[in-house]
Amino acid sequence: MKARIIPIVRAVRTTLPPGRDLVAPPEGELLDLRGRRVRDLRISVTDRCNFRCVYCMPKEIFDDDYAFLPRSKLLSFEEIVRIARIFVEQGVEKIRLTGGEPLLRKHIENLIEQLAKLPVEITLTTNGSLLRKKARALKDAGLHRVTVSLDGIADDVFKRMNDVDYAVGDVLDGIAAAAEVGLAPIKVNCVVKRGANDDQILPLARHFRGSGHILRFIEYMDVGSSNGWRMDEVVPSAEVVARINAEFPLQAVDANYPGEVAERWRYADGGGEIGVISSVTQAFCATCTRIRLSTEGQLYTCLFAQSGHDLRAMLRHGAGDEALRREIAAVWRGRDDRYSEIRTAATVLPGSKVEMSYIGG
Ligand code: SF4
């Protein structure tokens with residue numbers, strides 16, 4: 001059995017920009033060392049996936065011998081809801097369910113039902129493969145909306161990207177199912193890798209223009225330690241926008257809220273909205289309000305972190321809510337992550353960054 005990729009070392013400490021001191025913010029307001037609020041909790045409910053996307057779970061690493069987490073190691077729904085409730089009390093406004101592929105987690109609608117009792121927006125990111133089957137149940141359980149990953153509109157390209165021969169039509173059908181039950185607005189995310197699927201930028205734009213769905217292009221990132229990332233395979237968002245603008249004139253649109261990840265553009269002719277997410281060429285760490293809970297209860301303060309904070313041990317050793325609250329607040333208050341601002345040739349070397357499939361994108 002192939003050993004799992006487990007992060008071992010603590011995140012790299014960074015230096016602050018001139019004029020910013022590493023001082024604790026006033027008591028009460030949960031701010032990190034850069035004055036950022038905690039607004040978005042991303043919860044990975046499984047480390048498994050039925051796709052093998054080349055930039056996330058390359059098949060040669062996540063093969064049949066890969067040791068996925070045994071059920072006993074996963075947080076139970078009750079444990080997830082308890083942590084989520086404490087985060088909502090401390091300011092979280094949005095919970096995103098991720099994976100791996102979250103719809104592979106059995107009875108996920110039961111988890112959503114419990115989370116829906118909290119005053120929070122609940123969203124989910126999926127590869128869409130199970131959406132036709134699950135959309136109604138997800139909506140009825142209280143899910144607000146979905147984001148669907150789709151890295152190409154041409155079958156051959158899409159199959160090359162997901163590396164399991166999964167057809168575009170089934171994902172499009174899943175998107176249609178989500179729209180039918182009102183899991184909207186639907187965002188469709190495409191990770192663009194030069195030479196692999198950048199020829200899909202315009203065909204995807206043509207396909208989703210006027211659909212009401214929001215198509216977003218994500219710069220290929222050096223997430224985890226297994227995708228062999230290279231800078232020359234990144235298509236900068238500015239180039240993506242320029243390519244689309246050449247055929248369909250675009251206008252810049254203001255962010256919906258501070259810290260919104262995507263830069264928004266709309267078609268000048270009213271054909272709808274697109275977005276670009278530019279972690280590599282236009283870092284947005286200064287307004288990053290996201291924290292991630294891994295499938296087995298580790299808290300990660302950055303997508304590119306090397307280690308997490310173990311909440312599961314506290315949960316399973318009878319810690320009370322107050323102790324959990326203090327721990328969560330301490331983790332956030334001690335946060336100074338800004339990986340995308342400090343990315344260098346050295347930081348991208350395969351080391352021990354946590355895998356995206358383990359903490360969700
Ligand atoms: S690199 Fe880390 S700190 Fe920066 S935006 Fe991404 S998750 Fe936030």
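1. **Confidence.** Start here before zooming in anywhere. The protein has a mean pLDDT of 92, and 92% of its residues reach 70 or more. Where pLDDT is low, predicted coordinates should not be read in detail.

2. **Helices α3 and α5.** Find α3 at residues 131-141 and α5 at residues 168-181. Their axes are 8 Å apart, and the two helices pack at an angle of about 20°. Angles under 35 degrees count as roughly parallel, so α3 and α5 are roughly parallel to each other. Their crossing is right-handed. On the α3 side, the contact uses L131, R132, A135, R136 and K139. Across from them, α5 brings in D173, G174, I175, A176, A177, A178, E180 and V181. Sorted by class, this contact of α3 with α5 has seven nonpolar residues, one polar and five charged.

3. **Helices α1 and α9.** Now look at α1 (residues 77-89) and α9 (residues 321-333), which pack at an angle of about 60° with axes 10 Å apart. That angle makes α1 oblique to α9. The crossing of α1 and α9 is right-handed. From α1, the residues in contact are R82, I83, R85, I86, F87 and E89, and from α9 they are D321, L324, R325 and I328. By class, the contact of α1 with α9 has five nonpolar and five charged residues, and no polar ones.

4. **Around the ligand.** Which residues surround the ligand? They are F284, C285, C288, R290, R292, C302, L303, F304, R335, D337, Y339 and S340. Strand β10 (290-293) and helix α10 (339-342) each supply at least two residues of this shell. By class, the shell has seven nonpolar, one polar and four charged residues.

5. **The loop between β2 and α2.** This loop runs between β2 (94-98) and α2 (108-115), and G100 sits in it. The peptide bond from G99 to G100 is cis, with omega near 10°. H107 lies in the loop between β2 and α2 too. Although H107 is not a glycine, its phi is positive, at about 60°.

6. **Another cis bond.** Check the step from A184 to P185 as well: a cis peptide bond joins them, with omega about 0°. You'll find P185 in the loop between α5 and β5 (187-192).

Key. Residues are numbered from 1 along each chain as its sequence is written. This is a predicted model: local features need pLDDT of at least 70, side-chain atom pairs count only at pLDDT 80 or more; totals for chains, interfaces and linings use all residues. Side-chain values use heavy atoms; hydrogens and water are left out. Axes are lines fitted to C-alpha atoms, for helices over the stretch in contact, and angles run from 0 to 180 degrees between N-to-C directions. Helices (H or I, at least four residues) and strands (E, at least two) are DSSP runs, numbered from the N terminus. Angles under 35 degrees count as roughly parallel, over 145 as roughly antiparallel, 65 to 115 as roughly perpendicular and the rest as oblique. A crossing is left-handed if the near helix is turned anticlockwise from the far one by less than a right angle, and right-handed if clockwise. Contact means heavy atoms within 4.5 Å. Ala, Val, Leu, Ile, Met, Phe, Trp, Tyr, Cys and Pro count as nonpolar, Asp, Glu, Lys and Arg as charged, and the others, Gly among them, as polar. A residue is near a molecule or strand if one of its heavy atoms lies within 4 Å of it. pLDDT is the predictor's confidence in each residue, from 0 to 100.
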